[in-house]
Amino acid sequence: MFHYDQCLENQLQTLKDEGRYRVFLDLERIVGQFPKASSFGEYTSVDGKCPRNSLDPIGDVTVWCSNDYLGMGQNRAVLDSMVDAIERLGAGAGGTRNISGNHHLIVQLEKELADLHEKEAALVFSSGYVANEATLSTLSKLLPNCVVISDELNHASMIQGILHGKAEKRVFRHNDLEHLEEILKEIDPARPKLLVFESVYSMDGDICPLHEICDLAEKYNAFTFLDEVHAVGMYGPKGGGIADREGLMERIDIIQGTLAKAYGVIGGYIAGKTSTIDAIRSFASGFIFTTTLPPAVAAGALTSVRHLKQSEHERILQQKRANELKDMLKAAEIPYIHSETHIVPVIVGDPILCKEVSDRLLGKYGMYIQPINYPTVPRGTERLRITPGPLHTTEMLSGLVDALSHIWGEVNLPRAQAA
Ligand SMILES: *Cc1c(COP(=O)(O)O)cnc(C)c1O
């Protein structure tokens with residue numbers, strides 16, 4: 001007789017033994033006080049202690065790992081537009097895009113996103129994950145005998161999409177142009193080639209060599225799909241991402257982004273030529289057979305995209321904070337990945353210690369950085385991924401680095417070599 005419960009419990013025990021069992025922090029973010037938040041309930045750390053007790057004040061936690069990179073999730077204009085949409089248009093969309101759910105705000109949002117990326121059209125999905133999964137699985141089926149060429153560090157949503165597309169898949173070493181060209185060369189020139197990569201990589205914070213990749217794609221007639229999830233809103237003169245910054249948007253066939261990170265709401269999208277967007281609209285199951293995002297969500301996203309199109313303030317301050325943090329980490333000799341972006345990964349290199357540092361930060365200092373372990377990052381590179389933003393102050397930054405430095409000593413982690 002098969003023991004279902006026992007089987008699943010064993011699988012969970014493996015995660016626990018390896019120190020990569022995920023524990024979620026129960027949080028309430030507070031409008032007007034982000035990155036402060038209140039934590040609730042039991043949070044079971046490695047040593048079984050709960051860092052929060054009932055006497056903790058409201059806003060006891062400072063969030064250092066949010067993807068609400070620019071604090072747009074509490075932007076007044078965004079909130080007002082969402083409230084207004086709820087009052088005028090109700091809670092839900094009431095249907096799929098095809099069956100009564102094609103509300104005016106989602107149509108406007110798509111026009112805005114197409115304009116942001118200087119493309120003919122755009123298509124909004126429930127999330128960035130769904131946008132990647134649905135688009136890549138559909139494209140690999142629509143292009144006959146297609147080969148998908150994928151960067152080895154691509155996000156799980158792209159990997160799943162490629163997998164479900166069932167086309168031949170070739171993986172190139174991360175940002176390795178020589179390896180990419182080697183693969184492109186090997187493929188029959190007559191076959192369609194779908195080249196899938198990101199601009200800002202979420203876990204290391206590095207940027208792809210976009211210009212060179214575009215050159216290779218042109219040389220070998222590959223169709224390009226670029227995930228700009230960690231760049232939209234934050235890079236480029238109007239927040240169109242790295243391709244916007246580099247003036248390369250017109251050389252990318254499909255630009256994919258999220259409305260949930262820098263734009264602070266929820267939803268994902270693709271932008272491209274009318275024919276491309278129409279094909280995905282017409283064939284992608286993950287687009288067709290699900291209810292449209294609510295009008296309020298579209299309204300909030302629309303306001304946020306428009307705001308960051310004309311406001312540089314948040315982008316400039318975010319870069320300033322990231323640079324301040326890197327300088328402070330360097331001075332404290334805490335090892336971090338030297339990227340040119342707003343993502344600052346502090347490397348611990350062991351899952352149990354990584355959780356330990358995270359637990360101590362939260363328990364003793366009320367500072368929240370979720371540990372990032374395998375399979376999100378390779379084993380041995382376990383890290384604390386810090387995302388400072390415009391709403392973190394310099395005082396908060398120095399408090400964080402002091403706390404990290406203290407804990408580094410307590411748990412005996414190696415210091416970085418002084419440069
Ligand atoms: C977060 C993320 C996604 C998914 O976006 P959501 O809107 O959160 O579903 C896609 N790609 C990358 C690289 C991401 O980090």
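Colleague: Which residue is the bridge partner of I149 in strand 6?

Modeller: R170 is that partner. This is a predicted model, where local features need pLDDT of at least 70, side-chain atom pairs count only at pLDDT 80 or more, and totals for chains, interfaces and linings use all residues. Residues are numbered from 1 along each chain as its sequence is written, and side-chain values use heavy atoms, leaving out hydrogens and water.

Colleague: How many bridges join strand 5 to strand 6, and in which sense?

Modeller: Strands are DSSP runs of E, at least two residues, and helices runs of H or I, at least four, numbered from the N terminus; two strands pair if DSSP finds at least two bridges between them. Here strand 5 (residues 147-151) and strand 6 (residues 168-172) are parallel over five bridges. Strand 5 also pairs in the parallel sense with strand 7 (residues 193-198), over four bridges, and there V148 stands opposite L194.

Colleague: Which way do the residues of strand 5 point?

Modeller: In a regular strand, side chains alternate between the two faces of the sheet. In strand 5, V147, I149 and D151 point one way, V148 and S150 the other. All are buried, meaning under 20% relative accessible area (1.4 Å probe, protein chains only).

Colleague: And the ligand: which atoms of G128 and H230 lie by its oxygen atoms?

Modeller: A polar contact is a pair of N or O atoms within 3.5 Å. For G128, a backbone N or O atom is 2.8 Å from a ligand oxygen; for H230, a polar side-chain atom is 2.4 Å from a ligand oxygen.

Methods: A polar contact is a pair of N or O atoms within 3.5 Å; within protein, one must be able to donate a hydrogen and the other to accept it, and residues adjacent in sequence count only if both atoms are side-chain atoms. Buried means under 20% relative accessible area, exposed over 50%, partly exposed in between (1.4 Å probe, protein chains only).
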